[in-house]
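This report looks at the pockets of one protein and then at its sheet and the helices packed on it. Please keep the structure in view while reading.

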Amino acid sequence: MTLVEAVKRRYATKKFDANKRISDSDFAQIKTLLRLSPSSVNSQPWHFVIADNLDAKKRLAKGAQGVYSANEPKILDASHVVLFCAKTEMSDEYLQHLLENEDKNGRFPKPEAKEIAGKVRGFYADLHRKNLNDTQSWMEKQVYLNIGTILLGASMLEIDAVPIEGVDVSVLNNEFELIEKGYTAIAMVALGYRHKEDFNSSLPKSRLPEEEVFTFLNH
């Protein structure tokens with residue numbers, strides 16, 4: 001499958017076939033994508049709560065009640081559901097943890113490279129922590145980069161998916177004690193295989209025309 005084919009194949013799945021399950025080998029690739037997704041200065045400010053059985057999905061579905069109840073069947077019928085969480089603090093301790101992990105993974109062929117990497121990451125972290133005062137927004141943007149990676153990667157594997165922002169994050173934070181662990185729920189992605197009765201699977205894509213969304217610079 002080409003990249004363009006994968007983009008055209010992907011759509012927001014509205015109804016999953018509850019009888020179809022993602023293979024362990026395919027979901028292992030999804031997990032790899034989650035870990036290897038890009039983030040600003042490799043900050044990786046995320047955590048993932050994964051449900052792959054009905055009891056676990058019911059826990060996630062607690063966040064899709066009331067005004068969000070239209071999303072409950074998607075959560076319950078999907079093969080796997082990932083709750084994307086963002087860190088609530090970018091602490092100096094965490095920055096050092098990242099640096100030491102990179103060192104352990106062989107990122108610094110020379111000692112001075114480690115020092116430079118630490119200073120660069122610290123500069124951008126402080127830009128958001130001390131100057132712009134938008135650290136939480138900055139970290140959540142990195143989580144959305146990850147969501148985009150998963151949506152495209154799933155389609156390459158011929159797995160269907162839908163991002164779900166329509167959930168009560170306070171309920172999910174309480175259910176999984178996320179705040180106490182230093183995270184907050186952001187959104188979910190339900191993954192599986194489209195049901196033959198999913199009305200959205202046969203509808204044409206609608207995107208704004210090229211001339212409206214592209215500006216090509218000649219100089």
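How much space lies in the second largest pocket? The second largest pocket holds about 160 Å³ of space. This value, like the others here, comes from a predicted model. Among the residues that line this pocket are Lys8, Arg9, Arg10, Arg194, Lys205 and Arg207.

The largest pocket has about 520 Å³ of space. Its lining has 18 residues, and the closest to the pocket centre are Arg35, Gln44, Trp46, Leu98 and Asn101. Helix H2 (24-36), strand E1 (46-51) and helix H5 (92-104) each give two or more residues to this lining. H5 supplies the largest share, five residues.

| Pocket | Space | Lining by class |
|---|---|---|
| Largest | About 520 Å³ | Seven nonpolar, seven polar, four charged residues |

Four strands form an open sheet with antiparallel pairing, in the order E1-E2-E4-E3. Because E1 and strand E3 (160-164) stand at the edges with a single partner strand each, one side of each has no neighbour in the sheet. On average, neighbouring strands are turned by 25° against each other, direction ignored. E3 and strand E4 (residues 183-192) run antiparallel and are joined by five bridges. Val162 has Ala190 in E4 as its bridge partner.

Two helices lie across these strands. H2 lies across E1, strand E2 (80-87) and E4, and runs at about 160° to E1. Helix H7 (residues 135-156) lies across E1, E2, E3 and E4, and runs at about 10° to E4.

Technical notes. Residues are numbered from 1 along each chain as its sequence is written. This is a predicted model: local features need pLDDT of at least 70, side-chain atom pairs count only at pLDDT 80 or more; totals for chains, interfaces and linings use all residues. Side-chain values use heavy atoms; hydrogens and water are left out. On a 1 Å grid over the protein atoms alone, a cavity is a set of points where a 1.4 Å probe fits but cannot get out, and a pocket is an open set with protein on both sides within 12 Å along at least five of seven lines; lining residues have an atom within 4 Å of a point. Grid points are joined across faces, edges and corners, and a volume is the space filled by probe spheres set on the points. Ala, Val, Leu, Ile, Met, Phe, Trp, Tyr, Cys and Pro count as nonpolar, Asp, Glu, Lys and Arg as charged, and the others, Gly among them, as polar. Two strands pair if DSSP finds at least two bridges between them. Axes are lines fitted to C-alpha atoms, for helices over the stretch in contact, and angles run from 0 to 180 degrees between N-to-C directions. Contact means heavy atoms within 4.5 Å.
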